[in-house]
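Subject: A structure for you to look at

Hello,

Here is the structure I promised to pass on. Please open it first, and then read my notes below with the model beside you.

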Amino acid sequence: MRATARGFTLVEVLVVLVITALVSTLLFQALAQVYRLQGRFGEQLSQSRMGAMRADWFRQVLQGLQTDYPDGKQRFVGSSQRLEGLSATALVEGGGAPQWLTLEVAPATAGGSELRYSAGSRQVVLLQWAGSGRSGFAYLDDAGLEHADWPPQGAGKWPQVPAAVLFRWPTREGGDVLVAVPAGDREAKVRALPIFSSTP
């Protein structure tokens, strides 16, 4: 009797190796796609968090706006591209004392535009956008009317600080708006009258 040979033929081994290689290639491609999606999602999530944090900074510094005396040099003033004022909630280490700050629209170094915050020697870019649409500040009065400048031009007695500050900038979807409402007193400070005087 002849013994039958046991085992795989060369063709069977080659077929198994080809199938294994194809399955491995498909799995590695799927894994690479998952990693790409994870990286993209992580980057978008990071940008979203950063955007929310910077929007919060915008609201924070404007909620702390302070007034000055009617003839003082640190009164709030704003135009469509720049605003300046005294804020008790400026983005500085060990804050607490009111600090003079500036928010302005400026050209970005990589193209487009950006909203820059400046206080003392510190500068922070709060927003960046690539759109070519119009951007800028608007100021609301007590009646809810928008003004391009603060204090508004023309007749009328206006508080030193507006009722709200809006900032608009273009996005792919058309545009976005940030709104900040000052939390403190909006009228000019009143000088204390001298109670004790040397003259009768």
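Two strands are said to pair if DSSP finds at least two bridges between them. Helices (H or I, at least four residues) and strands (E, at least two) are DSSP runs, numbered from the N terminus. With that in mind, strand E7 (residues 136-140) is joined to E8 by 2 bridges, and the two run antiparallel. Leu140 has Glu146 in E8 as its bridge partner.

Before going further, a word on the basis of these notes. This is a predicted model, in which local features need pLDDT of at least 70 and side-chain atom pairs count only at pLDDT 80 or more, while totals for chains, interfaces and linings use all residues. Residues are numbered from 1 along each chain as its sequence is written, and side-chain values use heavy atoms, with hydrogens and water left out.

Overall picture

The protein has 1 helix and 10 strands, and along the sequence they follow the pattern α-β-β-β-β-β-β-β-β-β-β. E7 and E8 belong to an open sheet of 4 strands, ordered E8-E7-E9-E10 with antiparallel pairing. At its edges lie strand E8 (146-147) and strand E10 (176-180), each of which pairs on one side only.

Of the 200 residues in the protein, 29% are buried (under 20% relative accessible area; exposed is over 50%, partly exposed in between, with a 1.4 Å probe and protein chains only). Taking contact as heavy atoms within 4.5 Å, residues 24 or more positions apart account for 49% of the contacts with a separation of 6 or more.

The core

A nonpolar core is a set of buried Ala, Val, Leu, Ile, Met, Phe, Trp, Tyr and Cys residues joined through side-chain atoms within 4.5 Å. The largest one here has 29 residues, and Phe58, Leu103 and Tyr117 have the most contacts inside it. Elements that give two or more residues to this core include helix H1 (10-63), strand E5 (113-119) and strand E6 (122-129). H1 supplies the largest share, 5 residues. Leaving out residues up to four places away in sequence, Leu103 touches Phe58 and Tyr117, and also Arg82, Leu126 and Phe137, among others.

Salt bridges

How many salt bridges does the structure hold? There are 5, where a salt bridge is a side-chain nitrogen of Lys or Arg within 4 Å of a carboxyl oxygen of Asp or Glu. Arg82 forms one with Glu84, with the closest N and O atoms 3.0 Å apart. Arg82 forms another with Glu104, at 2.9 Å between the closest N and O atoms. Arg82 itself is partly exposed, with a relative accessible area of 34%.

Asp142 and Arg186 form a further salt bridge, their closest N and O atoms being 2.7 Å apart. Here Asp142 sits in the loop between E7 and E8 and Arg186 in the segment after E10, 44 residues apart. Asp142 is exposed at 58% relative accessible area, whereas Arg186 counts as buried at 17%.

One peptide bond to look at

Most peptide bonds are trans. Trp150 and Pro151, however, are joined by a cis peptide bond, with omega about 0°. Pro151 is in the loop between E8 and E9.

Best wishes
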